[in-house]
Amino acid sequence: DRAEGRSTIGFEGSANDLAIWIQKRSWSKLRLFIGDLKDDSKRDTIVGLLSEKTQYVPILAPLLWETDGVIHCLIQEILSIFPKVRDSSLSETEADKVSNIITIFQYMAMNTDVRHLMLESKLHKCLLPLLTNTSQVKPLQYLRLSTLGFVGVLLRFQDDKIMTELIGCNLFPLCVNILKKDSMLAKTVAIRIIERLIYHQVGYAELYENKELFDHILDGINHFASSICSSLSTHLMVDGVVSDCDAQDFFKTKIQHDQICQDQIRILCHALKCYIRMTYCPGGAIAVFKDLPRSVNNVYKMASNDPKFKEFYSKLASRLRASSQVA
C-alpha cells in the first residue's frame, strides 16, 4: 500500500506526503497527523512511521510536545509494560512498540527547546527504570539499548542540569550493572555514557567526592575491560585459529578477525580513558594501579601497533608509574 501512495496509517497520505507537509510547513495537516497518536487504532503505525523517518522528528518535536494528550499517551504505553519488564515476560511486539516510542523521544531531544522541557517534566524518570532488569531475553535487551540511546543523546549536549539530573537518578549504578551483566553491545554504550559523565565537571565532582561510588565504578570498568580483553586475546591469535584454512579462506578469515580486533580495541580505549580520568581522584591512581586487570597489559603487548590504544595506554601507564613512585 505504501509503495502505491495509499494510506497505511488511517490518514490520507503516505510517508512521502509527510515529507511534503514538513517541507511546505503544512501545519494543519501535520497537527491532524500527530493528533492521531491519541487514537489507539492508529498509534502503533504512526509511531512505527516516525521511528523509521527519524529525520523528521526534531522538526516535529515542538508539535509533538505541545499537542494536548500526545505525550501522555506515549508515556502511558511505556508505563503499561513495567510489570512485564520486572518479570521478564515482555513480548517482542511489545518491546518493539515501546522501543519505537523511545526512539521518537531520542530524536525529539535533539531539539534544544523540547530537550529542556523534557528535563523539566522528568520524562527520563519514566525511562531509566527500563535499565534495571538485565535479563538477556531479546525484548529486554532491545529495550535497554533504546533507553541507553536516549540517555546518550541527552548527554551529548554536555548540559550541567542534564548531567546533575541523570546522576541524581542513579545513572552511574545502572550503567555499572550493565557493564557487569549485559550484552557486549549494551556494555559498549554504557562505558561511553560513563566516560561522558566522568569527563564532565559535574560527573567528575561526584566521582571525586564519593569514594564508594568511585570503587563501584572502578569494579564495573574492570569487569568490562576483562571481558573485552578475553575476547581480544582470542581474536589476536589469528594464526592458530586459521592455520588449517586454504589461502583464500585464510585471508578472508584474517580480514574478519582484523576487523573484530580493531572494533574491540576501539571499545577498550573507552575503558582506558575512564581509567585515566579516575587517576586524578584522591587515591584514584593507586586504586587503578592495584586493580587494573593484567589482561589489559597482555593485550597491549599484542596490539601496541594501534596508535589510539598505544596513546591511551601510554598515558595511563605514565599516571600509574607516577603514583607507584609516590606510594
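**Close-up views of a predicted model**

**View 1. An arginine over a phenylalanine ring.** R115 lies over the face of F157, at 3.5 Å from the ring centre; a charge sits over a ring if NZ of Lys or CZ of Arg is within 6 Å of the ring centre and within 35 degrees of the ring normal. The model is predicted: local features need pLDDT of at least 70, side-chain atom pairs count only at pLDDT 80 or more, and totals for chains, interfaces and linings use all residues. Residues are numbered from 1 along each chain as its sequence is written, and side-chain values use heavy atoms, with hydrogens and water left out.

View 2. Two cavities of 30 Å³ or more are found in a search of the whole structure. A cavity is a set of points, on a 1 Å grid over the protein atoms alone, where a 1.4 Å probe fits but cannot get out, and lining residues have an atom within 4 Å of a point. The volume of the largest cavity is about 40 Å³, a volume being the space filled by probe spheres set on the points, which are joined across faces, edges and corners. Its lining consists of R115, M118, L119, L123, H124, F150, L154 and I162. Helices α8 (112-121) and α10 (138-156) are the elements that give two or more residues to this lining, and α8 contributes the largest share, three residues. Helices are DSSP runs (H or I, at least four residues), numbered from the N terminus. By class, the lining residues are six nonpolar, one polar and one charged; Ala, Val, Leu, Ile, Met, Phe, Trp, Tyr, Cys and Pro count as nonpolar, Asp, Glu, Lys and Arg as charged, and the others, Gly among them, as polar.

**View 3. A stacked tyrosine pair.** The structure holds four aromatic pairs, in which ring centres of Phe, Tyr or Trp (its six-membered ring) lie within 6.5 Å. The ring centres of Y300 and Y313 are 3.9 Å apart and the planes are at 10°, so this pair is stacked (planes under 30 degrees apart). Y300 belongs to helix α19 (residues 294-303) and Y313 to helix α20 (residues 307-326), so the pair ties together parts that are 13 residues apart in sequence. Both Y300 and Y313 are buried (under 20% relative accessible area, 1.4 Å probe, protein chains only). Ring pairs join Y300, F309 and Y313 in a cluster.

View 4. The charged end of R319 sits over the ring of Y280, 3.8 Å from its centre.

**View 5. The surroundings of N222.** N222 is part of helix α15 (residues 211-236) and is buried, with a relative accessible area of 10%. Not counting residues up to four places away in sequence, N222 touches Y275, D291, L292 and P293 (heavy atoms within 4.5 Å).

Conventions:
1 Å grid on protein atoms, 1.4 Å probe; cavity = no way out; pocket = protein on both sides within 12 Å on 5 of 7 lines; lining within 4 Å. Phe/Tyr/Trp six-rings, centres within 6.5 Å; stacked < 30°, edge-to-face > 60°. Buried < 20%, exposed > 50% of the residue type's maximum accessible area, 1.4 Å probe, protein only.
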